[in-house]
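Reader: Please give me a close look at a single part of this model. Set it in its surroundings, and state every cut-off you use.

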Amino acid sequence: MQITVRFFAVSREMTGAERQLYTLPEGATLQDLQDQLFAAYPALEAQRVRFAVNLTYALLNTPLHDSDEVACIPPVGGG
Amino acid sequence: MNDEPGVQNPKSKIQNLIEITAHPISTDEVVARVADPANGAVVTFIGVVRGVTGGRQTLYLEYEAYPEMAEKVLRQIADEIHARWPDIRAVAMVHRVGRLEIGETAVVIALAASHRAPTFDALRYAIDRIKEIAPIWKKEFWADGAAWRSEH
């Protein structure tokens, strides 16, 4: 399955990308995607990122589905 | 300010206003969106770009949002406010993104109720909750560097 990953703020700067496509095996979870991301971008691991799946904050055991949109959410600081 | 319909507050004919915008925010326009003859109290919070943080001179800020999710989270916060303070009749929350200079308005929150009692607590809740969960980021730029800022 194909997952779109969007990057914001410090994660966008570290990856040099606003979005990327990842291919994962059926049954993969957010944890599997995080493992791939941290392997590709080791500096991300220290950033205390959270993830959202289809616009909602999600736990790492969340199952992913084809064409899901995952966002890499570093610590927020609006206002 | 666009006229995209906001969340319908079940207790009021007024539509809530929720928006992430790249344009300067008019506080008057945001306040006007919650004004109603039935509302005797309107409170506003205006978040302004500060020139000095921790004794250090800031040149400007850059705000970034995940706009689709940020608007969804702001609608969720508005729903939480209506649930916790049923007398709040209208909620407007507008957050700006992009480069902001010192003194410019980054966020405006306006809440309206028939009487003042619930408005102050609800306003505090709104800005605290935005800072806590809205996917919005700010980067401070100084003469000699820059950094993303978070309270969490």
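**Strand 8 of chain B and its setting**

Author: Take the contacts in chain B between residues at least 6 apart in sequence: 72% of them join residues at least 24 apart. Two residues are in contact if their C-beta atoms, placed from the backbone, lie within 7 Å. The model is predicted, so local features need pLDDT of at least 70 and side-chain atom pairs count only at pLDDT 80 or more, while totals for chains, interfaces and linings use all residues. Residues are numbered from 1 along each chain as its sequence is written, and chains are lettered from A and ligands numbered from 1 in the order in which they are written.

Chain B holds 3 helices and 10 strands. Helices (H or I, at least four residues) and strands (E, at least two) are DSSP runs, numbered from the N terminus. Read from the N terminus, the order in chain B is β-α-β-β-β-β-α-β-β-β-α-β-β. The radius of gyration of chain B is 16 Å, close to the 15 Å of the globule rule for 152 residues, so chain B is as compact as a globular protein of that length. That radius is taken over C-alpha atoms, and the rule is 2.2 Å times the number of residues to the power 0.38. Along the principal axes, the C-alpha atoms of chain B fill a box of roughly 50 × 30 × 30 Å. Of its 152 residues, 38% are buried. Buried means 20 or more other C-beta atoms within 10 Å of a residue's own; exposed means 12 or fewer; partly exposed lies in between; C-beta atoms are again placed from the backbone.

Strand 8 of chain B covers residues 105-113. In this strand, 8 of the 9 residues are buried, so the rest of the structure largely encloses it.

Next, its partners. Two strands pair if DSSP finds at least two bridges between them. Strand 2 (residues 41-48) of chain B runs antiparallel to strand 8 of chain B, with 8 bridges. One of the partnered residues is B:Val48, whose bridge partner in strand 8 is B:Thr105. Strand 6 (residues 88-96) of chain B is also antiparallel to strand 8, with 7 bridges. There, B:Val94 has B:Val108 of strand 8 as its bridge partner.

Then the core. The largest nonpolar core has 61 residues, and B:Ala92 and B:Leu111 touch the most other members. Strand 8 of chain B gives this core its largest share, 8 residues. Such a core is a set of buried Ala, Val, Leu, Ile, Met, Phe, Trp, Tyr and Cys residues joined through C-beta atoms within 7 Å. Look at B:Leu111. Its contacts, apart from neighbours within four places in sequence, are B:Val34, B:Val43, B:Ile88, B:Val91, B:Thr119, B:Ala122, B:Leu123 and B:Ala126.

Now the other side of the model. Chain A and chain B meet through 14 residues of chain A and 23 residues of chain B. On the chain A side, helix 1 (9-15) and strand 5 (69-73) each supply at least two residues. That side divides into 10 nonpolar, 3 polar and 1 charged. Ala, Val, Leu, Ile, Met, Phe, Trp, Tyr, Cys and Pro count as nonpolar, Asp, Glu, Lys and Arg as charged, and the others, Gly among them, as polar.

B:Tyr66 takes part. B:Tyr66 sits in the loop between strand 5 (60-65) and helix 2 (67-84) of chain B. B:Tyr66 is buried, with 24 other C-beta atoms within 10 Å. Not counting residues up to four places away in sequence, B:Tyr66 touches A:Arg6, A:Phe8, A:Ala71 and B:Pro135. From B:Tyr66 to B:Ala134 is 8.8 Å, C-alpha to C-alpha, across 68 residues of sequence.

Last, chain A. Chain A has 2 helices and 5 strands, in the order β-α-β-α-β-β-β. Its radius of gyration is 12 Å, which agrees with the value near 12 Å for a compact globule of 79 residues. Buried residues make up 32% of chain A. A:Ala9 in helix 1 of chain A has phi near 50°, positive although A:Ala9 is not glycine. A:Ala9 is buried, with 28 other C-beta atoms within 10 Å. A:Arg48 also has a positive phi, about 55°, and is not a glycine. A:Arg48 lies in the loop between helix 2 and strand 3 of chain A, and counts as exposed with 11 C-beta neighbours inside 10 Å.
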